[in-house]
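I opened the notebook to record what I looked up in this structure, going from single residues to the chain as a whole. Each entry keeps its cut-offs beside the term that needs them.

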Amino acid sequence: MLSAMMLALGGCKKEAVYKDIEGFWQLQEYTTESDGAVHPCERIYYSFQLGIIEIDEKEGTLGLPQLKGTFQYDEAARTLTIKGLYHKSGGDFLTPEASDLRAYGLDAADTELEVLEADGKHLVMQSEYATLTLKKF
């Protein structure tokens, strides 16, 4: 009886739909398209899981808010669309300031990125604003 119950519980785990995209990533750097400037990053992390994106700065040295939103990946077009990024302040849900978004390598709460590389270890995505280089952790 116990082994049957353990087997049934083990079957409830949700798996990533896009294994080379979903998971936990560290933003290594982003390069702004307008001037080609490379911006090294430390302790900035992206998480893509089951349609939910979370972006966070660990250790809070820059004082950036934790952002959450949704994402969709179009495998045929190789585009990842981020929608509705927000952060919580007090009891309110707020759209992030442009300066906070830029620190994360983004320029809008709704952004489309072209996936240039996704091999499960490295993820490189490009928007009109910047090219983001991430590594799996």
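**Entry 1: a charged pair**

I looked up Asp56 and found it buried, at 12% relative accessibility, where buried means under 20% relative accessible area, exposed over 50% and partly exposed in between, with a 1.4 Å probe and protein chains only. I noted that this is a predicted model, in which local features need pLDDT of at least 70 and side-chain atom pairs count only at pLDDT 80 or more, while totals for chains, interfaces and linings use all residues. I also noted that residues are numbered from 1 along each chain as its sequence is written, and that side-chain values use heavy atoms, with hydrogens and water left out.

Which side chain meets Asp56 in a salt bridge? I found that of Lys58, with 3.1 Å from N to O, a salt bridge being a side-chain nitrogen of Lys or Arg within 4 Å of a carboxyl oxygen of Asp or Glu. Lys58 is partly exposed at 34% relative accessibility, whereas Asp56 is buried. The count of salt bridges by this rule comes to one.

**Entry 2: the negative patch**

I then looked up surface charge and found a patch of negative charge formed by Asp20, Asp74, Glu75, Asp107, Glu112, Glu114, Glu117, Asp119 and Glu128. Patches are made of residues with over 30% relative accessible area and no salt bridge, like charges being joined within 9 Å; Asp and Glu count as negative, and His and the chain ends are not counted. The place of a charge is taken as CG of Asp or CD of Glu. Strand S8 (residues 111-118) gives the largest share of the patch, three residues; strands here are DSSP runs of E with at least two residues, and helices are runs of H or I with at least four, numbered from the N terminus. Asp74 lies in strand S5 (residues 67-74) and is partly exposed, with a relative accessible area of 37%.

Thr79 has its place in strand S6 and counts as buried at 15% relative accessibility. Leaving out residues up to four places away in sequence, I listed Gln72, Tyr73, Asp74, Glu112, Leu113 and Glu114 as touching Thr79, contact meaning heavy atoms within 4.5 Å.

Arg78 lies in the loop between S5 and strand S6 (79-89), is partly exposed at 34% relative accessibility, and has a positive phi near 55° although not a glycine. Leu50, also not a glycine, has a positive phi of about 50° and is found in the loop between strand S3 (44-49) and strand S4 (52-57).

**Entry 3: the segment after S10**

Where is Phe137 placed? I found Phe137 in the segment after strand S10 (130-136), exposed at 54% relative accessibility. Beyond neighbours within four places in sequence, Phe137 is in contact with Phe24, Trp25, Gln26 and Tyr45. Phe137 and Tyr45 are 92 residues apart in sequence, with 9.3 Å from C-alpha to C-alpha.

**Entry 4: the chain as a whole**

I recorded two helices and ten strands for the protein chain, which follows the pattern α-β-β-β-β-β-β-β-α-β-β-β along the sequence. Of the 137 residues, 36% are buried. Of contacts between residues at least 6 apart in sequence, 47% join residues at least 24 apart. The chain exposes about 8300 Å², 51% of it supplied by carbon and sulfur atoms, with accessible areas from the Shrake-Rupley method and a 1.4 Å probe.

Terms used
Patches are made of residues with over 30% relative accessible area and no salt bridge: like charges are joined within 9 Å, nonpolar side chains (Val, Leu, Ile, Met, Phe, Trp, Tyr) within 5 Å.
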